[in-house]
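Hi,

Here is the structure I promised to pass on. My notes on it follow below the picture.

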Amino acid sequence: MAVGGIPCDSRKNYAGKFTCKVIFACVVAASGGLIFGYDLGISGGVTSMDPFLQKFFPKVYRKEISVQPSDDQYCKFDNQILTLFTSSLYLAALLSSMTASRITRGLGRKVTMMFGGLLFAFGAIINGFAANLLMLIFGRVLLGFGIGFANQSVPIYLSEIAPFKYRGALNMMFQMSITIGILVANLLNYFTAKIEGGRGWRISLGGAVVPGLIFFLGCFFLSDSPNSLLERNKYEEAKDMLRRIRGIYNVDEEFKDLAKASEAAKLVQSPWRDILSRKYRPQLTFAILIPLFQQLTGMNVFVFYAPVLFKSMGFGNNASLMSALITSIVNSCATLVSIATVDKYGRRTLFLLGGLQMFVCQAVMTISIASKFGSSGSPGQLPLWFSAIVVVAMCVYIAGFAYSWGPLGWLVPSEIFPLEIRSAAQSITVAVNMIFTFAIAQVFTAMLCNLKFGLFIFFAICVVGLSIFIYKLLPETKGVPIEEMALVWKNHPYWTKFVVDKSSSLVMGKLELII
């Protein structure tokens with residue numbers, strides 16, 4: 001195969017079948033994406049509901065109802081307390097991802113995932129019964145803790161449990177669950193906004209308990225990955241688990257490689273310190289830059305604030321929620337494209353095609369909004385054709401993200417880390433993702449108010465930059481066993497100078513007896 005155009009000699013071809021146990025484990029683990037997606041979709045919807053704004057953000061509500069079509073539509077939702085409601089969750093997720101790293105390594109992936117589901121469910125209950133802003137923010141923080149635990153452990157678990165030939169598609173089930181969560185949330189928002197009495201927002205926020213419990217209870221029926229069991233010295237259990245998920249008895253070759261990686265991992269006393277060493281420079285670079293660039297595509301702005309954004313553009317309240325619902329359906333459908341093609345065409349191809357598609361759509365949206373809103377933000381009465389262009393452009397943009405930077409932003413980091421730094425590196429990925437999710441969520445309304453249509457130009461420039469980065473520096477990782485990933489760095493023209501070629505026999509005597 002090719003690694004960024006350079007041949008990669010990977011002779012490993014582990015035996016095994018595509019078993020029902022693997023499918024079940026991946027479906028259950030990937031359901032952790034439901035909690036992340038549900039929150040992404042629900043928060044933007046409730047912040048466009050008038051009863052919610054009246055109760056918790058009366059200043060925003062009074063400002064909204066006083067704005068006329070001839071006024072500046074860019075700035076009507078510019079309120080830092082309102083954006084704190086959305087972004088506080090991601091700050092909590094950032095903090096919890098660091099703790100999750102230690103739990104993932106010490107207690108296993110399964111326990112970490114269960115913690116995530118339980119904390120999310122508790123946060124949902126508090127939000128559903130929130131009586132004041134403090135209670136609302138506290139519930140959001142618990143939701144964030146749950147998401148931090150889930151996002152740290154699920155991608156690792158999926159990459160470790162999946163056969164390497166299907167790792168891309170199975171790992172992307174996490175992103176598929178995220179899109180389903182967004183779709184369900186937007187669908188629920190659309191109907192709860194119509195409930196008389198103004199309590200529909202409670203159903204929307206409290207409904208998050210359902211995906212939280214689905215994830216928590218589902219994890220009871222999972223076994224930990226062989227990698228995680230070896231990491232905790234459970235050699236016989238690890239080999240038995242590997243046999244069950246591969247559907248064959250003779251798994252000696254794969255188990256031997258996993259055991260070697262595990263022994264190498266145990267020599268690392270401080271993965272947080274070691275990940276800074278030169279030999280891990282490629283992995284650290286992508287652990288930081290891929291989640292950073294994923295946020296700089298601007299996608300989460302549209303997911304968080306699609307109803308608010310459409311409402312600011314003059315769409316009615318129900319029309320804005322319907323537009324958000326349409327875009328979430330597109331998001332889910334396009335993710336299926338990625339699942340079907342990632343292991344055939346590779347990660348780099350999807351990254352670059354998605355980047356091109358997003359750039360073109362952002363250019364169309366910039367021209368459309370600039371022509372109607374200008375710098376004054378006063379569009380007057382918007383014609384139907386304009387609304388159609390904006391919605392179509394946003395749908396095509398979201399489709400481009402959904403088959404590229406959305407799922408690949410979680411897949412690629414989770415599959416490139418060696419076992420000894422895997423938990424720490426995944427925590428860095430989640431932390432960076434949450435830092436910039438928090439930052440963009442917090443400053444978006446202010447950016448929209450100050451940059452106006454230039455906001456879309458900003459994200460378009462970012463898409464160009466991140467596409468160049470992928471083209472120049474990301475090696476292709478499709479079809480490479482997770483424990484053989486060092487080959488892609490050794491064969492890359494830039495990263496090879498950082499890689500230290502280690503040849504060691506790290507399997508101890510007790511392992512030889514098992515093998």
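First, a term: by contact I mean heavy atoms within 4.5 Å. Leaving aside neighbours within four places in sequence, Asn433 is in contact with Pro291, Gln294, Gln295 and Trp410. Asn433 sits in helix H22 (residues 419–451); helices (H or I, at least four residues) and strands (E, at least two) are DSSP runs, numbered from the N terminus. With 2% relative accessibility, Asn433 counts as buried. Buried is under 20% relative accessible area, exposed is over 50%, and partly exposed is in between (1.4 Å probe, protein chains only).

Some housekeeping: this is a predicted model, where local features need pLDDT of at least 70 and side-chain atom pairs count only at pLDDT 80 or more, while totals for chains, interfaces and linings use all residues. Residues are numbered from 1 along each chain as its sequence is written, and side-chain values use heavy atoms, with hydrogens and water left out.

Now the whole chain. It has 25 helices and two strands, and 62% of its 515 residues count as buried. Among contacts with a separation of 6 or more, 83% are between residues 24 or more positions apart.

Not counting residues up to four places away in sequence, Ser177 touches Ala30, Ser31, Gly33 and Leu34.

Helix H7 (residues 133–161) is mostly covered, with 23 of its 29 residues buried. Asn132 caps the N-terminal end of H7, with a side-chain oxygen 3.2 Å from the backbone nitrogen of Leu134.

What about the surface? Leu356, Phe359, Val360, Val364, Trp385, Ile389, Val464 and Ile468 form a nonpolar patch there, with about 700 Å² of accessible area together. The elements giving two or more residues to the nonpolar patch are H19 (347–373), H20 (384–402) and H23 (454–473). The largest share, four residues, comes from H19. Val364 is found in H19 and, at 35% relative accessibility, counts as partly exposed.

Cheers

Note on methods:
Patches are made of residues with over 30% relative accessible area and no salt bridge: like charges are joined within 9 Å, nonpolar side chains (Val, Leu, Ile, Met, Phe, Trp, Tyr) within 5 Å. Accessible areas come from the Shrake-Rupley method with a 1.4 Å probe; for residues, only the protein chains shown count as cover. A salt bridge is a side-chain nitrogen of Lys or Arg within 4 Å of a carboxyl oxygen of Asp or Glu. A polar contact is a pair of N or O atoms within 3.5 Å; within protein, one must be able to donate a hydrogen and the other to accept it, and residues adjacent in sequence count only if both atoms are side-chain atoms.
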